[in-house]
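Let us walk through a protein chain step by step. Keep the structure in view as you read.

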Amino acid sequence: MGLLQRAILAGMFTLAGTMGAYELASASGLRVNIEESMPLGVYWFVPGPVVQGNIVQSCLPKRIATYALQHHYLVRGGSCSDGLIPVIKVLAATSDDSINISAHAVTIDGHVWPMSSIRRVDSSGHRVDLHLPLGPYRCSQNSVFLMGEHPRSWDSRYWGCVPQTSIAGRWVPIPFTGWIASLIISLSQERVS
């Protein structure tokens with residue numbers, strides 16, 4: 001076997017080992033967030049019960065998921081039953097909480113959610129024609145209100161509460177890992193000429 005053939009074979013084994021390590025890490029709960037609606041970085045996914053304030057993973061109801069797919073807010077290739085990726089948001093309110101929606105902010109139990117004004121235009125310049133009516137709002141029993149941590153997050157201020165059963169578990173941030181997500185974003189945006 002020549003030097004070139006050995007190099008190609010070694011590269012293939014390295015790639016296979018890297019892919020195997022990725023699959024193993026993913027199966028054990030390692031996740032990378034590259035979406036700006038939540039802090040960039042590496043997280044551990046912990047299935048099971050969640051509480052208010054947790055960063056959670058949720059599949060969206062069919063009507064909302066269809067809208068999200070049509071507007072390119074979500075993509076296929078995820079773990080939801082419809083094949084879409086789940087959303088990652090903060091569990092901000094439950095049926096016990098009082099929510100108020102205004103054009104300038106979402107208020108939960110009297111506390112203003114940071115950077116939560118209603119956007120009329122999305123980041124692609126398209127009109128946002130789905131949002132909750134302005135005024136008091138409350139989740140029905142066994143449903144939750146999810147919010148992002150970015151002014152342009154597409155979250156419950158637009159589509160309302162989701163069933164608590166749609167929450168698969170929580171994401172626990174691993175400190176100082178935002179650079180990994182930034183690197184992935186930068187590599188995915190590079191173009192080969």
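Which residues have the most contacts inside the largest nonpolar core? They are Leu60, Phe145, Trp154 and Trp159. The core they belong to has 40 residues. Strand β4, residues 87-93, supplies the largest share of this core, with six residues. Bear in mind that this is a predicted model.

Now pick out Trp159. Set aside its neighbours within four places in sequence. Trp159 is then in contact with Leu60, Ile64, Leu130, Leu132, Leu146 and Trp154.

Step back to the whole chain. It has 193 residues, and 38% of them are buried. Four helices and eleven strands run along it. Look next at contacts between residues at least 6 apart in sequence. Of these, 64% join residues at least 24 apart. The chain exposes about 11600 Å². Carbon and sulfur atoms supply 61% of that area.

Turn to the strands. Strands of a sheet pair through backbone hydrogen bonds, either parallel or antiparallel. Here, four strands form an open sheet. Follow them in the order β7-β6-β5-β8. The pairing is antiparallel. Which strands lie at the edges? They are β7 (111-112) and β8 (135-137), and each pairs on one side only.

Finish at one end of that order. Strand β6, residues 106-108, pairs with β7 in the antiparallel sense over two bridges. Find Thr107 there: it stands opposite Val112 in β7.

How values were computed:
Residues numbered from 1 in each chain as written. Predicted model: local features only at pLDDT ≥ 70, side-chain atom pairs only at ≥ 80, totals over all residues. Heavy atoms only, no water. Core = buried A, V, L, I, M, F, W, Y, C linked by side-chain atoms within 4.5 Å. Buried < 20%, exposed > 50% of the residue type's maximum accessible area, 1.4 Å probe, protein only. Contact = heavy atoms within 4.5 Å. Areas by Shrake-Rupley, 256 points an atom, 1.4 Å probe, with all protein chains shown as cover. Pairing = 2+ DSSP bridges.
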